[in-house]
Amino acid sequence: MKKKRNFETDAIRNQHERTPFREHSVPLYLTSSFVFDDAEQARAMFADEISGNIYSRYSNPNTNEFIDKLCQMEGTEDGVATASGMAAMYSSMAALLRSGDHILACRSVFGSTHQILNTIFPRFGISHSYADITEPDIWEAKIQPNTRMIFVETPSNPALDIIDLEWLGKLAKKHNLILNVDNCFATPYLQNPVKWGAHIVTHSATKFMDGQGRVIGGAVLGTKELIKEVRFFTRHTGPSMSPFNAWVLSKSLETLAVRMERHCQNAMALAKYLEANAEVLKVKYPFLESHPHHALAKKQMKLGGGLVTFEIKGGLDQGRKFLNALSMISHSPNLGDTRTIAIHPASTTHSKLTEEERAAVGIKPGLIRIAVGLEDVSDIIDDVEQAIAASK
Ligand SMILES: *Cc1c(COP(=O)(O)O)cnc(C)c1O
């Protein structure tokens, strides 16, 4: 039996098998299809009696390696690589729900996930309810006889609120529901939802997994039984990850642990700096003691993550001046990059919501979200400091 190795070791040593060329680093398999040894092998592979690559819409050595590493990291049995995080979110729901089903989701889901639930699914007879991540007491009452799935993100975006995954796991079990967790913000290095009872873990690999702002990708991970349905869905509807992106992402996973350690270390230092700045009203970071769910964050996350939010005293106007005054930090909607990125959610990513809807997911007019990168933290803090001073 294979010895159980540590996270970092598996991320590096869990590789696709070597070819007769004896390469050390796994090559890129740019091929749309694969050849059969004989007619019997072709028949058996199509009949699912033996496993093997047939066509790269179904699987490819690079996507297989990427998924094997992720399953090892999340503690899941099986998984499917997808073209984007949104393809993962959509497939994980569309493959497992039917017309007439209901989904209970946290209100603070990612913008495009909102669009799937609010606009696309109702056309197919799939309804939803939202519940606030900060009010766990109301969740159980929102479960209906036709509820099939609970979908959450923790930490939430951009409020960085935390929901208790152990409690949610128990709630899902009690009502026989599928618990689906978008684990993009935490990454499998910081948090493993299946440990607390999640059945499906979804990811945007575009963020911390790539970690360098280059490619788009996603993954759906979970139990063999559920992933079988998801694989049927993706195989026939086609949101597959390209082998090139899988190759890039699988190599990135080799350094996920060291990168996350530094993202979190830099984020914590920036959060502490901001807490001491008189121009800043409120700083939120899961591992700061002032965070409302600090104990919960400590329980289910290894470190606090790479995102920090703060509210600048002068609201919307000062927030805009702050962003315009940044000299090094990028102004962009991405996150989980080597480069530190700042965004003003109220006027950009969440501008389509009403003021009340924004307030309900914790977005004050002056809220700034910083996705802390891997530059030297003193340079990150210097830039934030001069931009705050210039915004007054
Ligand atoms: C970015 C993101 C997604 C969507 O992923 P894409 O790769 O951009 O399609 C979904 N959920 C969360 C939490 C994200 O941050």
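Guide: One rule before we start: two strands pair if DSSP finds at least two bridges between them. Helices (H or I, at least four residues) and strands (E, at least two) are DSSP runs, numbered from the N terminus.

Guide: This is a predicted model; local features need pLDDT of at least 70, side-chain atom pairs count only at pLDDT 80 or more, and totals for chains, interfaces and linings use all residues. Residues are numbered from 1 along each chain as its sequence is written.

Visitor: Fine. How are E2 and E4 joined?

Guide: By four bridges. Strand E2 covers residues 102-106, strand E4 covers 147-153, and the two run parallel.

Visitor: Which residue in E4 is the bridge partner of Ile103?

Guide: Met149 is the bridge partner of Ile103.

Visitor: What's the order of the seven strands in that sheet?

Guide: The order is E1-E7-E6-E5-E4-E2-E3. The sheet is open, and its pairing is mixed.

Visitor: And which strands stand at the edges?

Guide: Strand E1 (78-82) and strand E3 (127-131). Each has a single partner strand, so one side of each has no neighbour in the sheet. From one strand to the next, the twist averages 20°. Angles run from 0 to 180 degrees between N-to-C directions, and axes are lines fitted to C-alpha atoms, for helices over the stretch in contact.

Visitor: Which helix lies across E1, E6 and E7?

Guide: Helix H3, residues 61-74. H3 runs at about 130° to E1. The other two strands are E6 (200-204) and E7 (218-222).

Visitor: At what angle do H3 and H9 cross?

Guide: At roughly 35°, with their axes coming within 8 Å. Helix H9 spans residues 243-253.

Visitor: Which residues of H3 and H9 meet there?

Guide: From H3, Asn62, Thr63, Glu65, Phe66 and Lys69. From H9, Pro243, Ala246, Trp247, Leu249, Ser250 and Leu253. Contact here means C-beta atoms, placed from the backbone, within 7 Å. Six of the contact residues are nonpolar, three polar and two charged. Ala, Val, Leu, Ile, Met, Phe, Trp, Tyr, Cys and Pro count as nonpolar, Asp, Glu, Lys and Arg as charged, and the others, Gly among them, as polar.

Visitor: New topic. What order do the strands of the five-stranded sheet take?

Guide: E8-E9-E12-E11-E10, in an open sheet with mixed pairing. At its edges are strand E8 (280-284) and strand E10 (330-331), each pairing on one side only.

Visitor: Do E11 and E12 pair in the parallel or antiparallel sense?

Guide: Antiparallel, over three bridges. Strand E11 is residues 341-343 and strand E12 is 367-371. Ile343 stands opposite Arg369 in E12. Helix H10 (residues 256-275) packs on this sheet, touching E8, E9 (307-312) and E12. The direction of H10 makes about 15° with that of E9.

Visitor: Which strands does H12 lie across?

Guide: E9, E10, E11 and E12. H12 runs at about 125° to E9. H12 (residues 315-325) also crosses helix H14 (residues 377-391) at roughly 135°, and their axes come within 8 Å. Gln318, Lys321, Phe322 and Ala325 of H12 make the contact with Ala387, Ile388, Ala390 and Ser391 of H14. Those residues divide into five nonpolar, two polar and one charged.
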